[in-house]
Amino acid sequence: MMRIVNYPEPSTWASLLERPVQDIMSLLEVVRPIYDRIKSEGDRAVYEYEELFDHVRLARIAVPEAELAAAGNSLSASLREAIDIAYENIRAFHAAQRFEPIRVAVCPGVVCEQRAVPIERVGLYVPGGTAPLFSTVLMLAVPAQIAGCREIVLTTPPGKDGHVHPAILYAAHKAGVHKVFTVGGAQAVAAMAVGTESIPKVDKIFGPGNQYVMAAKQLVALYDTAIDLPAGPSEVEVLADETCCPEFVAADLLSQAEHGVDSQVVLVTTSSVLIDAVQAEVERQLSTLSRSEIARKALDHSLLLLVHDMEEAVALTNAYAPEHLILAVRNYNDVKERIDHAGSVFLGNWSCESAGDYASGTNHTLPTKGYARAYSGLCLDCFMRKMTFQELTPEGIRHIGPAVEQMAEAECLDAHRMAMTLRLRSVEEDADL
C-alpha cells in the first residue's frame with residue numbers, strides 16, 4: 001500500500017519525490033533496431049512487428065474509409081452522445097486559443113509581423129493495449145482539426161481480431177482524422193517518423209504510450225520528426241485539508257493508479273486524520289475495481305505525505321510539479337495563485353481529474369516526471385508554427401542601419417555589415433539626387 005511520511009524535511013523532498021526509475025538508455029537500445037528495420041524495410045517490417053508484439057497477423061494496416069465513417073453505428077446511442085459532448089467541450093476550449101496575428105511598427109520604416117500557420121502533416125499515437133483510449137483521440141485530433149493541419153494520421157494497436165475499437169474510429173472520424181492505421185508500439189512511431197509504403201511520413205508526432213513508445217518518440221526526435229513533449233507514466237497529486245471528502249480523494253487517487261503499474265499517486269495534506277480516512281477508503285474502493293491488481297501495484301510506490309501547514313504543502317507541490325493536481329482545500333482559489341508548477345489543476349472537491357481526462361474541455365496530454373516545470377500541456381499552439389515577417393523602407397534603413405553595421409562589425413561578420421552598408425549608401429545617394 002501507499003507509503004506514509006509524516007512531516008518530511010525539505011532536504012529530503014528531492015529523493016522522496018523521485019518518480020519510478022526508467023533506464024532510458026536500455027529502452028533506446030530496444031527500440032533502435034525496430035526503427036532501423038522499418039526505415040530500411042517499410043511495411044514488411046511493420047507487419048512482422050505487429051505479429052511479434054501485438055500477436056495479430058494483419059491482412060492490411062490501413063482502416064478503410066467506409067469502416068471509419070460507419071464506426072458510430074456499432075456504438076450505443078449513450079456512448080455516441082458522451083463522445084459528442086466531450087468533442088464539443090474540447091473544441092470550444094481549444095478554439096478559444098486561436099492566435100491573433102501581430103503587426104508592429106517597431107520604429108519609423110520598420111514593420112514586424114507574426115502569424116500562425118498549421119503544421120501540414122501530424123501523426124497521432126493512441127494507446128490501445130489494455131483499454132481503447134478514444135478520449136485520447138479527441139484530445140489529439142480536435143486541436144489538429146481546429147489548427148487546419150492538412151493531413152492527420154492516426155496509429156493505434158489492433159485488437160485481437162485485427163480491428164480497431166469502433167469508439168476510437170468514431171472519435172477519429174468526428175475529429176477529422178484522415179487516415180487510421182492498425183499499428184501500435186514503437187513500430188508505429190518509427191513508421192510515422194520515416195514513412196513506409198502505406199504510412200506517410202509526418203512532421204510531428206503526438207500522443208502518450210508505454211515506455212517503449214516514449215523511448216521511440218525520443219529516438220525519432222533526434223533524426224526525423226518533432227514530438228509533442230517528453231512524458232512518462234501518468235501521475236496525480238491531491239492537495240487536501242480537513243474540508244475535503246475522503247471518499248472523493250480516494251477515488252481520485254485510484255483513478256490515476258489504475259492507468260498502469262508505473263503510475264504514481266501522491267496525497268499531500270495538513271490533516272493526520274485525513275490520511276487514515278483516505279487509506280481506509282482506498283482499500284474499500286480498490287476491491288471494487290476491475291483493474292485492482294494494476295492499481296495496487298501502482299500504490300506500492302505512491303505516497304501519503306503529512307505536512308505542517310498550507311505554505312509547506314504548496315512548496316512541496318511546486319517541488320513535485322505534478323502532471324495532474326487536485327486542490328481539495330477550503331480556499332482553493334487562493335492556493336491556486338501560489339501554484340507555479342503543474343500540468344493541469346482541478347479546483348475544489350467537485351473537480352475530479354477524470355473530468356479533465358474526458359469531457360471538461362482541457363487537454364489531458366500533459367507533462368509528467370516533473371517536466372511541468374518547463375513544458376505546457378498539449379494545446380492549439382502545439383499544432384501551429386509561428387512565422388515572422390519584417391519589412392524595411394528607406395526610412396527604416398536610416399533608423400536601424402548604423403546599429404546593424406556596428407553590431408555586425410563587433411561580431412566580425414563582414415558580409416552581414418556589407419549587406420546593410422550597401423543599402424545605406426543607396427539610400428544616401430537617392431537622397432542626394
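Among contacts between residues at least 6 apart in sequence, 74% join residues at least 24 apart in the chain. This is a predicted model. The sections below go from the whole chain to single residues.

## The chain as a whole

The chain has 433 residues, and 48% of them are buried. It holds 17 helices and 14 strands. The C-alpha trace spans about 90 × 60 × 45 Å along its principal axes.

Charges come next. The chain carries 36 positive and 58 negative charges. Their mean positions lie 5 Å apart.

## Aromatic pairs

A pair of aromatic rings is described by the distance of the centres and the angle of the planes. The structure contains 5 aromatic pairs. One of them joins Tyr 35 and Tyr 223. These two rings are stacked, with 6.0 Å from centre to centre and 25° between the planes. An angle under 30 degrees counts as stacked, so the 25° of this pair qualifies.

What does the pair of Tyr 35 and Tyr 223 tie together? Tyr 35 belongs to helix H2, residues 24-41. Tyr 223 sits in the loop between helix H9 (211-221) and strand S8 (226-227). The pair therefore links parts that are 188 residues apart in sequence. Tyr 35 has 5% relative accessibility and counts as buried. Tyr 223, at 48%, counts as partly exposed.

Tyr 371 and Tyr 375 form another aromatic pair, which is edge-to-face. Tyr 371 is partly exposed, at 32% relative accessible area. Tyr 375 is partly exposed too, at 38% relative accessibility.

The table sets out these two pairs.

| Pair | Type | Centre to centre | Angle between planes |
|---|---|---|---|
| Tyr 35 and Tyr 223 | stacked | 6.0 Å | 25° |

## Charges over rings

Lysines also meet aromatic rings here. The charged end of Lys 174 sits over the ring of Tyr 87, 5.0 Å from the ring centre. Lys 386 places its charged end over the ring of Phe 99. In that case the distance to the ring centre is 4.3 Å.

Tyr 7 is not a glycine, yet its phi is positive, at about 50°. Tyr 7 is located in the loop between strand S1 (3-6) and helix H1 (13-16). With 39% relative accessibility, Tyr 7 counts as partly exposed.

Ala 321 is not a glycine either, and has a positive phi of about 55°. The loop that holds Ala 321 runs between helix H13 (310-320) and strand S12 (324-328). Is Ala 321 buried or exposed? Ala 321 counts as buried, with 0% relative accessibility.

Leu 267 is placed in strand S10, residues 264-269. Leu 267 is buried, with a relative accessible area of 0%. Which residues does Leu 267 touch, leaving out those up to four places away in sequence? They are Val 238, Ala 240, Val 249, Leu 253, Val 278, Leu 303, Leu 304 and Leu 305. Leu 305 is 38 residues from Leu 267 along the chain. The C-alpha atoms of Leu 267 and Leu 305 are separated by 5.9 Å.

Gly 396 lies in helix H16, residues 394-410. Gly 396 is buried, again with a relative accessible area of 0%. Not counting residues up to four places away in sequence, Gly 396 touches Pro 108, Gly 109, Val 110 and Gly 401. How many residues along the chain separate Gly 396 from Val 106? They are 290 residues apart, with their C-alpha atoms 9.7 Å from each other.

How values were computed
Residues are numbered from 1 along each chain as its sequence is written. This is a predicted model: local features need pLDDT of at least 70, side-chain atom pairs count only at pLDDT 80 or more; totals for chains, interfaces and linings use all residues. Side-chain values use heavy atoms; hydrogens and water are left out. Helices (H or I, at least four residues) and strands (E, at least two) are DSSP runs, numbered from the N terminus. Buried means under 20% relative accessible area, exposed over 50%, partly exposed in between (1.4 Å probe, protein chains only). Contact means heavy atoms within 4.5 Å. Lys and Arg count as positive and Asp and Glu as negative; His and the chain ends are not counted. The place of a charge is taken as NZ of Lys, CZ of Arg, CG of Asp or CD of Glu. Rings of Phe, Tyr and Trp (its six-membered ring) pair if their centres lie within 6.5 Å; planes under 30 degrees apart count as stacked, over 60 as edge-to-face and the rest as tilted. A charge sits over a ring if NZ of Lys or CZ of Arg is within 6 Å of the ring centre and within 35 degrees of the ring normal.
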